[in-house]
Amino acid sequence: MPGEQPKRGRLLFKGGSCIPPRSDRPEHVWSHNFVADRNHDGKVLRVSCFIDELRSKSLAARVARKLKATDVIDALCEHFGLPAFLRT
């Protein structure tokens, strides 16, 4: 049996908070979410969405039966500029 792994510490931001700050300008905080549904044949469809939190605007969406990490990275890289924070 492998030994017990050490517990991970909390990720802290400025001010001692574990939660990233609210978005105060465009391109500051993005949200990423996966959604799954089934079509009339019973096959799974998955959607990967990126949203700018300040403007509540969809930046990118990918729809596929299988979404790999490279698909999510490609969708993120298509938009110009990177956010300061990315929430999932």
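What is the mean pLDDT of the protein, and what share of its residues reach 70 or more? The mean is 79, and 82% of the residues reach 70 or more, where pLDDT is the predictor's confidence in each residue, from 0 to 100. This is a predicted model, in which local features need pLDDT of at least 70 and side-chain atom pairs count only at pLDDT 80 or more, while totals for chains, interfaces and linings use all residues. Residues are numbered from 1 along each chain as its sequence is written, and side-chain values use heavy atoms, with hydrogens and water left out.

**The sheet**

Begin by selecting the strands; helices (H or I, at least four residues) and strands (E, at least two) are DSSP runs, numbered from the N terminus. An open sheet is formed by 4 strands in the order β3-β2-β1-β4, with mixed pairing, and two strands pair if DSSP finds at least two bridges between them. At the edges are β3 (57-64) and β4, each of which pairs on one side only. Colour the strands by pLDDT next: among the elements of the protein, strand β4 (residues 85-87) has the lowest mean, 79, whereas strand β2 (residues 44-52) has the highest, 88.

Now select β1 and β4 together, which pair in the parallel sense over 3 bridges; here Ser31 stands opposite Arg87 in β4.

**His32 in strand β1**

Move on to His32, which is found in strand β1 (residues 29-38). Is His32 buried or exposed? With a relative accessible area of 9%, His32 is buried, since buried means under 20% relative accessible area, exposed over 50%, and partly exposed in between (1.4 Å probe, protein chains only). Leaving aside neighbours within four places in sequence, the residues in contact with His32 (heavy atoms within 4.5 Å) include Phe50, Val72 and Leu86.

**Val47 in strand β2**

Select Val47 next, whose place is in strand β2 and which is partly exposed, with a relative accessible area of 21%. Show the C-alpha atoms of Val47 and Arg62 as well: the two residues are 15 apart along the chain, and these atoms are separated by 5.4 Å. Once neighbours within four places in sequence are left aside, Val47 is in contact with Asn33, Phe34, Val35, Arg62, Val63 and Leu67.

**The helix**

Finish with helix α1 (residues 69-78), which lies across β1, β2, β3 and β4 and runs at about 150° to β3; axes are lines fitted to C-alpha atoms, for helices over the stretch in contact, and angles run from 0 to 180 degrees between N-to-C directions.
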